[in-house]
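I opened this entry to record what I looked up in the structure, item by item. The sequence and the model come first, then my notes.

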Amino acid sequence: MPILIELFLTFVRIGLFTFGGGYAMLSIIENICVEKKNWITHDEMMNVTVIAESTPGPIAINCATFVGYKKGKIPGAVLATLGVVLPSFFIIFAISMFLEDFLEITWIAHAFQGIKIAVGILILDAALKMIKKMQKKPLQVGILIVTFAVLMLVNVLKIHVSSILIMLAAALVSLTFFQIGKFRRKEEQV
């Protein structure tokens, strides 16, 4: 039973003190769940991030559900998910109840400007950690460079391209190279 309580309290802390949504939470989830508590490996974190990005629902909730399930099966998944969701729910509920013009309060508006910068840094930190720990094979590096270039071009030209489309294209390229390699190995054996 203690692991269930620990899962819940850990994800409450993550949900309570992380601003900026799921991508900003990734760095903190990795720091706590991979580096400090060793609940999952870095490879599992990378895999769950990819899976969570390509499935419906917020990425942080999907990551919390995965970690919770790995450590405590269904009860762990439920408690980790509740832990990461409840703080935001109660904060937004309280704000909506008591402060009608919340963002028009000058000091809160200024605080959110600072939070935006911190969120960007947290997202960049999560991306850099993943890049550092990814396998440095030519195909993966090539996909990374091309994807980065496409995203920069899309943002500069202000074209809307679904991230799912980009992930599917990267998967298709990787799968194509895998099949070509498999075909070549079969030819060499013959």
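How many helices and how many strands does the secondary structure of the chain come to? I count 7 helices and 0 strands. Read along the sequence, the pattern I wrote down is α-α-α-α-α-α-α. I note here that the model is a predicted one.

**Overall dimensions and burial**

I looked up the extent of the C-alpha trace, which spans about 75 × 50 × 25 Å along its principal axes. The chain has 190 residues, and 26% of them count as buried.

**Largest pocket**

I then turned to the largest pocket and noted a volume of about 1,800 Å³. Its lining consists of 39 residues, and those closest to the pocket centre are Val-50, Met-130, Leu-144, Thr-147 and Met-167. Which elements give two or more residues to this lining? I listed α2 (22-36), α3 (42-54), α5 (106-133), α6 (138-157) and α7 (163-189). Of these, α6 gives the most, with 9 residues. I also sorted the lining of the largest pocket by class and got 26 nonpolar, 10 polar and 3 charged residues.

**Salt bridges**

I searched the whole structure for salt bridges and found 2. In one, Lys-37 pairs with Glu-6, and the closest N and O atoms are 2.8 Å apart. Lys-37 sits in the loop between α2 and α3 while Glu-6 belongs to helix α1 (residues 2-17), so this pair ties together parts that are 31 residues apart in sequence. I checked the accessibility of both partners. Lys-37 has a relative accessible area of 27% and is partly exposed. Glu-6 also counts as partly exposed, at 32% relative accessibility.

The side chains of Lys-70 and Glu-44 also meet in a salt bridge, at 2.9 Å from N to O. What does this pair tie together? Lys-70 is in helix α4 and Glu-44 is in helix α3, so the bridge ties together parts that are 26 residues apart in sequence. For Lys-70 I noted a relative accessible area of 38%, which puts this residue in the partly exposed class.

**Nonpolar surface patch**

Which residues make the nonpolar surface patch of about 510 Å²? I recorded Val-85, Phe-89, Phe-90, Phe-93 and Met-97. I looked up the place of Phe-90 and found this residue in helix α4 (residues 59-98).

**Two single residues and their distances**

I picked Ser-54, which is found in helix α3.

Ile-105 has a relative accessible area of 28% and is partly exposed. Ile-105 and Leu-168 are 63 residues apart in sequence, and their C-alpha atoms are 43 Å apart in space.

Terms used: Residues numbered from 1 in each chain as written. Predicted model: local features only at pLDDT ≥ 70, side-chain atom pairs only at ≥ 80, totals over all residues. Heavy atoms only, no water. Patch = residues over 30% accessible without salt bridge, like charges linked within 9 Å, V, L, I, M, F, W, Y side chains within 5 Å. Areas by Shrake-Rupley, 256 points an atom, 1.4 Å probe, with all protein chains shown as cover. Salt bridge = Lys/Arg side-chain N within 4 Å of Asp/Glu carboxyl O. Helix = DSSP H or I, 4+ residues; strand = E, 2+ residues; numbered from the N terminus. 1 Å grid on protein atoms, 1.4 Å probe; cavity = no way out; pocket = protein on both sides within 12 Å on 5 of 7 lines; lining within 4 Å. Points joined across faces, edges and corners; volume = space filled by probe spheres on them. Nonpolar A, V, L, I, M, F, W, Y, C, P; charged D, E, K, R; others polar. Buried < 20%, exposed > 50% of the residue type's maximum accessible area, 1.4 Å probe, protein only.
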